[in-house]
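Colleague: I'm new to this one. Can you walk me through it?

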Number of protein chains: 2
Amino acid sequence: MPVYEAPVRDMQFLIHDVLQTQKYSNLPGFADATPDFIDAVLEESAKFHQQVVQPLNVVGDKEGCTRNADGSVTTPTGFKEAYKQFCENGFGSIAMDPEYGGQGLPLFLAYAATEMTTSSNHSFGMYPGLSAGAWRAIHAHGSDTQKKTFLPKMTSGEWTGTMNLTEPQCGTDLGLIRSKAEPQGDGTYKITGQKIWISAGEHDMADNIIHLVLARIEGAPDGIKGISLFIVPKFILDENENPGERNAVSCGGLEEKMGIHGNATCVMNYDGATGYLIGEENKGMRAMFVMMNEARLGVGLQGYAASEVAYQNAAAFAKDRLQSRSITGTKNPDGPADPIIVHPDVRRMLMDTRAFTEAGRALVFWATLQADLETKAPDEETRQKADDYMALLTPVIKGYLTHRGYQGCNDSLQLFGGSGFCEEWGMSQFVRDCRISTIYEGTNGVQALDLVGRKLMADGGRGWQAYFAELDELIAENENNEDLKLFVDGLKDVKAKLVEGTQWMATNAMANFDHAGAGSFDYLCLFGLTTLSHMWLLMAKSAVEHKQSEDPFYKNKLVTGRYFIERFLPEAGAHLAKLKIGSDTMMALEAEAF
Amino acid sequence: MPVYEAPVRDMQFLIHDVLQTQKYSNLPGFADATPDFIDAVLEESAKFHQQVVQPLNVVGDKEGCTRNADGSVTTPTGFKEAYKQFCENGFGSIAMDPEYGGQGLPLFLAYAATEMTTSSNHSFGMYPGLSAGAWRAIHAHGSDTQKKTFLPKMTSGEWTGTMNLTEPQCGTDLGLIRSKAEPQGDGTYKITGQKIWISAGEHDMADNIIHLVLARIEGAPDGIKGISLFIVPKFILDENENPGERNAVSCGGLEEKMGIHGNATCVMNYDGATGYLIGEENKGMRAMFVMMNEARLGVGLQGYAASEVAYQNAAAFAKDRLQSRSITGTKNPDGPADPIIVHPDVRRMLMDTRAFTEAGRALVFWATLQADLETKAPDEETRQKADDYMALLTPVIKGYLTHRGYQGCNDSLQLFGGSGFCEEWGMSQFVRDCRISTIYEGTNGVQALDLVGRKLMADGGRGWQAYFAELDELIAENENNEDLKLFVDGLKDVKAKLVEGTQWMATNAMANFDHAGAGSFDYLCLFGLTTLSHMWLLMAKSAVEHKQSEDPFYKNKLVTGRYFIERFLPEAGAHLAKLKIGSDTMMALEAEAF
């Protein structure tokens, strides 16, 4: 049975030492998040997820969800009860707006809890995860009435939410949406169409499900400019705003998937369902992107959260499994063989995953601080810079952390040998569940294109210029610190390569857009390596401040960081060389040749 | 439903043009394999696998195998009938010894057929695959009587074979084997113990199953030097050498696995089963390695065979799926969007997989020729060199082709977006099935250690010295051919890095063996890139000879090869840099820190 222990100490280090979040007490909600309070929340969350949510992970995989004859969906044994406790404990509403019943705490605290949910049980975490995205879209673009009507129950978790984008003929290309919205003259619309891959589209854990649905109002312009966003509740609210009449929306089937079996992935049929427009007509994409960006950050988290739990299990196995002797001499003379952790190639897989995961967590926590600054900072300049960072780095976080997180899951499975392939040990589930994270909320290829096609160019490159300047400043500040030399040099080197890649893109993409596309994924990886090096310098700096400490935590942190610089950064040169090849050969074959 | 078309044209190109196998007509069996004959076998095999074996692939995944109450195992619907046809058509006996009913044809032809079996249906292919390994061990180390008794029916496929190595406490470290063999005084032994992960250990497709079992004779030395190999038939043969009394061996359970559901992965219980010693007492490992080496070559094949079929499906999807417009302008004005093959990042995934797969096939075909030279060449020098090559390159072929093949399956799934994650499209099965290939027959980490720890050092480095000399010769021969410049330069460059890595290993591994272990996997990858560049130069050379041809096949081959050189070789520098880091940081943490 797989194990999981929430990495509370690592989170505390990031929050208190690296990000020093107590410095931001001028931001709304941050003053309440004293170090003691934060520690208490982390401990409570750890206990709950370890004891309640994690034990349901294998159950969810084995049982999956069941669609009953009446179209209702039953979640795996225990999910409903655990979700109730999850809501009662307030793990879903940590950072939500107090005006609608939320706790108004900093986002990093919400993400710390979400990491624990995800590492414990990816499928389970998607139910509140999707709700949070829908909540945010209504919060940002809904009318006051809509917010008052829907948000409090979504905050409490009594109602959940969904995102309905995909249709059989359109995934990435939402301009092809066919679902129709017919105005009824009373301010409502009749929504008709079929949506697929709707996570948590139907289930038995909530009293109502608030679907956010992209559809096209009759006569709207073609393509993306004719898409509107609607609220379609499963149960239409009665005069007391309680779930009343059943709306004409139903689950037509569940997908059979490679992983995340515990999550209900639904075909949703809208047969003239009553819907309420969010924001303006034909401006649905803007509102949807509020959900998408938040969701992409959450998916980035899923990447490293998966590799965290996979790593923990691999580490436990590596210390326990006795097989062969160390090539440098027997380490466990009383046993029939040495624990496999003595073998360098086993260490390689553990250290690869660990060095990535710790930096991935730092990056997401750092980003949640930016997300809070974006909306809560008192001055426009800070808000703008944070907004630029989020726009620029969201595709990097989503794309690179899931790319590498999946690799971490695979390496962790590999370490188990044949046991990794047997479902009994649970490693297969980590790989199968994590597999979706490189795909949903925009495939990693789409993230890469978003990065080079939109985010680099936006506002004349203001985002990357600010970010690169921040790196230069950090490098300059620490350049004379001998303890940090390796980290400073590493960041300098990878950043120089990223700058070179950025310049290449700027010069060559104009001549032929396909060059940008051809190098986009390598560019994203190069960017990812840079951001993780940035995080390692920040972490190393904090660890070095404790260098007199007896606590091995800080020394271990520096070793892990050193490993990252030494063994990850050689990849930067390969990515740069690949992206500079351009698209000529890649695009040379006729389509028929494939 | 996934598709598969056997790559007959590619195989013909390799056999006739690149390897020019007709030049080896002095080897036994090769004269019979005329070009026309080869083409006929390939066509027959293609037809059979496409029509009979491939349609059972999804069936096998969904149904899996069933262990019945009496311990018997039922294979998925259709497997038994297809296996009968497979045997009748002789696909399992192509290269087997005519003395025992085999066709005595060149090994490359057997492997061409095996590639088709594997691409069509990995699980199905394992039944004859394991048999072939057992056949080879008996053929190489069995007594004349054993050979006459067991081989003919294994050649015909009426009986199948298995390899019984693993026990719960030992996988890689076979010295820990506990299964016991008790001499009965009549030349037979009673075998007692439990074996796990026995592929095709029990099933309903054959009249008898010939288990090869590693066990320890009472009083044998500890560890690897006290292991003997036994033949343990499921049914003991009667006086007419027909299956008679049931032996005391039974299937105690089936593993629930991530993939290859159609193959029965058995717990095998030996309860005083009658066994017959193969070869000498305590020399079982030597005989077992005959099976292992053959099996490792076969697993290397599985890596690229999986990416071949995954690629084919991805290519079909990429030409069919309409989504978004090309960034360089509309390519499909009559449709609602362009086929996704116009997008560079989609091409990247296709070209990555294709450029790998074509070279992987070339490497395995080239290696099978070496394997034939090893046993059939008239002169000792050729046999020795081929033997050295096989020893050196088997871990590279097993490790690198499965490592990269798994990536090809994943990239192909990725190309499908959300559909890739839904079982309905079949891409998940390719990934799940292929996942085992990086693990079984020695994990890729074990291959890497075998390469640096044994194969490099063997006979004073005779193997790699000969191989590097062959590369130098090839480079010198083609250095003035302008058409091949890119390929020659690419091979030169990657080989220089491999030489540098080899020297680093030689120098540093002596000081600290952990340095060798720490860099072993990167060294294996660097070696893999070199061998594939070698193959691309050979293929490019043949393609260039047809440069006046109107047939786009040759031009496309050169484009694909160019892509390999341009976009794979940048990784060589990263591997070299990583391996030269050594083990200090990797091994620095205390085990408790994990």
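Colleague: Which side chain does B:Asp10 meet in a salt bridge?

Modeller: That of B:Lys557, at 2.7 Å from N to O. Keep in mind that this is a predicted model.

Colleague: Where do B:Asp10 and B:Lys557 lie?

Modeller: B:Asp10 is in helix α1 (residues 8-18) of chain B, and B:Lys557 is in helix α17 (residues 552-568) of chain B. The two are 547 residues apart in sequence, so the pair ties together those parts.

Colleague: Is B:Asp10 buried or exposed? And what about B:Lys557, buried or exposed?

Modeller: B:Asp10 counts as buried, at 14% relative accessibility. B:Lys557 counts as buried too, at 3%. The cut-off for buried is under 20%.

Colleague: Switch to chain A. How many residues of helix α1 are buried there?

Modeller: Nine of its 11 residues, so the helix is mostly covered. Among the buried ones are A:Asp10, A:Phe13 and A:His16.

Colleague: What covers them?

Modeller: The cover includes α2 (35-53), α5 (107-120), α9 (344-376), α16 (513-545) and α17 (552-568) of chain A. Just after α1(A), A:Gln20 takes a positive phi of about 45 degrees.

Colleague: Which residues are linked with A:Asp10 in a network of salt bridges?

Modeller: A:Glu115, A:Glu308, A:Arg354, A:Glu358, A:Arg361 and A:Lys557.

Colleague: How many salt bridges does the structure hold over all chains?

Modeller: There are 74. One of them joins A:Lys495 and A:Asp472, with the closest N and O atoms 2.7 Å apart. A:Lys495 lies in helix α15 (residues 485-511) of chain A and A:Asp472 in helix α14 (residues 462-478), so parts 23 residues apart in sequence are tied together.

Colleague: Is A:Lys495 buried or exposed?

Modeller: A:Lys495 counts as buried, at 11% relative accessibility. A:Asp472 is partly exposed, at 35%.

Colleague: What does A:Lys492 pair with?

Modeller: A:Glu479, at 2.2 Å from N to O. A:Lys492 sits in helix α15 of chain A, while A:Glu479 is in the loop between α14 and α15, 13 residues away. A:Lys492 is partly exposed, with 37% relative accessibility. A:Glu479 is partly exposed as well, at 37%.

Colleague: How many salt bridges cross the interface?

Modeller: Six, by the rule used here. One pairs B:Asp522 with A:Arg567 at 2.8 Å, N to O.

Colleague: Last one. Where is B:Thr394 found?

Modeller: In helix α10 (residues 380-415) of chain B. B:Thr394 is buried, with a relative accessible area of 4%. Its side chain reaches the backbone oxygen of B:Met390 at 2.5 Å.

Terms used: Residues numbered from 1 in each chain as written. Chains lettered and ligands numbered in written order. Predicted model: local features only at pLDDT ≥ 70, side-chain atom pairs only at ≥ 80, totals over all residues. Heavy atoms only, no water. Salt bridge = Lys/Arg side-chain N within 4 Å of Asp/Glu carboxyl O. Helix = DSSP H or I, 4+ residues; strand = E, 2+ residues; numbered from the N terminus. Buried < 20%, exposed > 50% of the residue type's maximum accessible area, 1.4 Å probe, protein only. Polar contact = N/O pair within 3.5 Å; in protein donor to acceptor, adjacent residues only side chain to side chain. Contact = heavy atoms within 4.5 Å.
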